[in-house]
Amino acid sequence: MIFETLLHVLLLVGIIVSAYLAIRYRDLLACAVALGVFSFLLSLEFYILQAPDVAIAEAGIGAGLTTAIFVLAIKGTSRWEVEE
Amino acid sequence: MTSLWFLTAFILMLWIFLSILRLILGPTAPDRVVALDTVNTLVVALMIILAVAYNQIIYVDIAIVYALLSFVTTLYIAKYLEGGI
């Protein structure tokens, strides 16, 4: 069971890293991509915690809808964060 | 025997980390999108391997739903970069 624990630790580190990237980039499209990675890894975390229905909902909403809607919003506004 | 499947899942998780490294370093947006797509595919493989490790046949369904939906995201970003939508 040592590898299960290692897998869990690595997954949580990946979630933290991608969440940090999602708020750090100036390019909003890169932020949306990092948020997509975050959402996928969160779905995998729900899966490993053995909640398959929550994992399906997270995959559907987080992966499918949220990133697509964010891309539509970026298309409607501006792609680069402006520096004051 | 179960430990073998978890070892495989752990190695795949290391590869996901290498993709996240490309997400961090990637100079242009297409690099990051390709990293996202690689993470998608690896997560689907990881879910099927974990379904074997947990010995639950219902868990494969999530991987199917996931593989279907992860395609949509990549398609949207690709269309945006192309200048479509």
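Ground rules. This is a predicted model, where local features need pLDDT of at least 70, side-chain atom pairs count only at pLDDT 80 or more, and totals for chains, interfaces and linings use all residues. Residues are numbered from 1 along each chain as its sequence is written, chains are lettered from A and ligands numbered from 1 in the order written, and side-chain values use heavy atoms, without hydrogens and water.

Rings now. Rings of Phe, Tyr and Trp (its six-membered ring) pair if their centres lie within 6.5 Å; planes under 30 degrees apart are stacked, over 60 edge-to-face, the rest tilted.

Take B:Phe6 and B:Tyr54. Their centres are 5.7 Å apart and their planes at 70°, so this pair is edge-to-face. B:Phe6 is in helix α1 (residues 2-25) of chain B and B:Tyr54 in helix α2 (residues 29-54) of chain B, so the pair ties together parts 48 residues apart in sequence. Helices here are DSSP runs (H or I, at least four residues), numbered from the N terminus.

B:Tyr54 also pairs edge-to-face with B:Tyr59, at 6.2 Å and 80°. Both are buried, that is, under 20% relative accessible area with a 1.4 Å probe, protein chains only. Ring pairs link A:Tyr47, B:Phe6, B:Tyr54 and B:Tyr59 into a cluster.

Last, A:Thr67. Where is A:Thr67 found? In helix α3 (residues 52-76) of chain A.

Conventions. Helices (H or I, at least four residues) and strands (E, at least two) are DSSP runs, numbered from the N terminus. Buried means under 20% relative accessible area, exposed over 50%, partly exposed in between (1.4 Å probe, protein chains only).
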